[in-house]
Amino acid sequence: MEISRKTDYAIRLLAELVKSGDAIVSVRCAAENSDVPYSFARSIQHDLVQAGIVSSVRGSHGGMKLSVDARKITLRNIIESIQGPTCFDTCDTKETNKEGRPLVSNYAFDAVWCEADRILKDYFSAVTLYQLVIEQRYPRLRHGHDFAALTQDEYAAIAEGA
């Protein structure tokens, strides 16, 4: 899986909106503050409006603002709204036999891709836009298979204990 430049830019623009609270932010200001080319930002704004993540406000003091709760929208929601499902093609697109196993000659590798797919989805689902931007929390694998959103200090404490 690859995070596209468009997705990266969309996340940067959304971070600007989260920082601004409920204020309307011009696309130009958001683009400049997040180092996104203005023409690309306009296109991304349209996609974010279509996805229902931002609303567009017209007029001399217009711009965009979040139309979702930053505390509830996950990184996975954002990624998938811009570039489609987060998945490894080898996992979600294979036909299966009656036991549910993919119809491929070497199942061992497909099992690896499917598990990586599950982990990736869980990872991107483990943190909200608010946690990333305001609380500066980041997903980290803890206790076997669960992800938690941790601060940089919590990361450091785990790294020191490792």
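What follows is a set of questions and answers on a predicted model.

Student: Which elements do the buried residues of α1 pack against?

Tutor: The buried residues of α1 are T7, Y9, A10, L13, L14, A15, E16, L17 and V18. Their packing partners are α2 (27-33), α3, β1 (54-57), β2 (63-66), α4 (75-83) and α7 (129-133).

Student: Which residue just after α1 has a positive phi, and of what value?

Tutor: Most residues other than glycine have a negative phi. The residue just after α1 is a glycine, G21, and its phi is about 70°.

Student: Which residues touch the most other members of the largest nonpolar core?

Tutor: Nonpolar side chains in soluble globular proteins tend to be buried together. The largest nonpolar core here has 26 residues, and those touching the most other members are L14, L48, L66 and L129.

Student: Which element gives the largest share of this core?

Tutor: The elements giving two or more residues to this core are α1, α2, α3, β2, α4 and α7. The largest share is 7 residues, and it comes from α1.

Student: Leaving out residues up to four places away in sequence, which residues does L66 touch?

Tutor: L66 is one of the residues that touch the most other members of the largest core. With residues up to four places away in sequence not counted, L66 touches L14, L17, V18, I53 and V54.

Student: How many residues are in the other core that lies apart from the largest one?

Tutor: Among the members of that other core are L75, I79, L120 and F124. Its size is 6 residues.

Student: How are the rings of Y9 and F40 arranged: stacked, tilted or edge-to-face?

Tutor: A search of the whole structure finds 2 aromatic pairs. For Y9 and F40, the ring centres are 5.3 Å apart and the planes stand at 80°. Planes over 60 degrees apart meet the cut-off, so the pair is edge-to-face.

Student: How many residues apart in sequence are the parts that the Y9 and F40 pair ties together?

Tutor: Y9 is buried at 10% relative accessible area, whereas F40 is partly exposed at 26%. Y9 lies in helix α1 and F40 in helix α3, so the pair ties together parts whose separation in sequence is 31 residues.

Student: Which residue's side chain makes a polar contact with the side chain of Q45?

Tutor: Q45 lies in helix α3 (residues 38-50) and counts as buried because its relative accessibility is 6%, under the 20% cut-off. Beyond four places in sequence, Q45 touches V27, V54, S56, G63 and M64. The polar contact, of 3.3 Å, is with S56.

Student: What is the N to O distance in the salt bridge between R12 and D8?

Tutor: R12 and D8 both lie in helix α1, 4 residues apart, about one turn of the helix. In an α-helix, residues three or four places apart point the same way, because there are 3.6 residues a turn. R12 is partly exposed at 30%, and D8 is partly exposed at 31%. The N to O distance of their salt bridge is 2.9 Å.

Student: Are K121 and D117 buried or exposed?

Tutor: These residues lie in helix α6 (residues 107-125), 4 residues apart, and their side chains meet in a salt bridge of 3.3 Å, N to O. K121 has a relative accessible area of 17% and D117 has 4%. Both values are under 20%, so K121 and D117 are buried.

Student: Which residue's side chain meets that of R118 in a salt bridge?

Tutor: R118 is partly exposed, at 32% relative accessibility. The salt bridge, 2.7 Å from N to O, is with D122.

Student: In which loop does D35 lie?

Tutor: D35 is not a glycine, yet its phi is positive, about 60°. At 61% relative accessible area, D35 is exposed. Its loop is the one between α2 and α3.

Technical notes. Residues numbered from 1 in each chain as written. Heavy atoms only, no water. Buried < 20%, exposed > 50% of the residue type's maximum accessible area, 1.4 Å probe, protein only. Polar contact = N/O pair within 3.5 Å; in protein donor to acceptor, adjacent residues only side chain to side chain. Contact = heavy atoms within 4.5 Å. Salt bridge = Lys/Arg side-chain N within 4 Å of Asp/Glu carboxyl O. Core = buried A, V, L, I, M, F, W, Y, C linked by side-chain atoms within 4.5 Å. Phe/Tyr/Trp six-rings, centres within 6.5 Å; stacked < 30°, edge-to-face > 60°.
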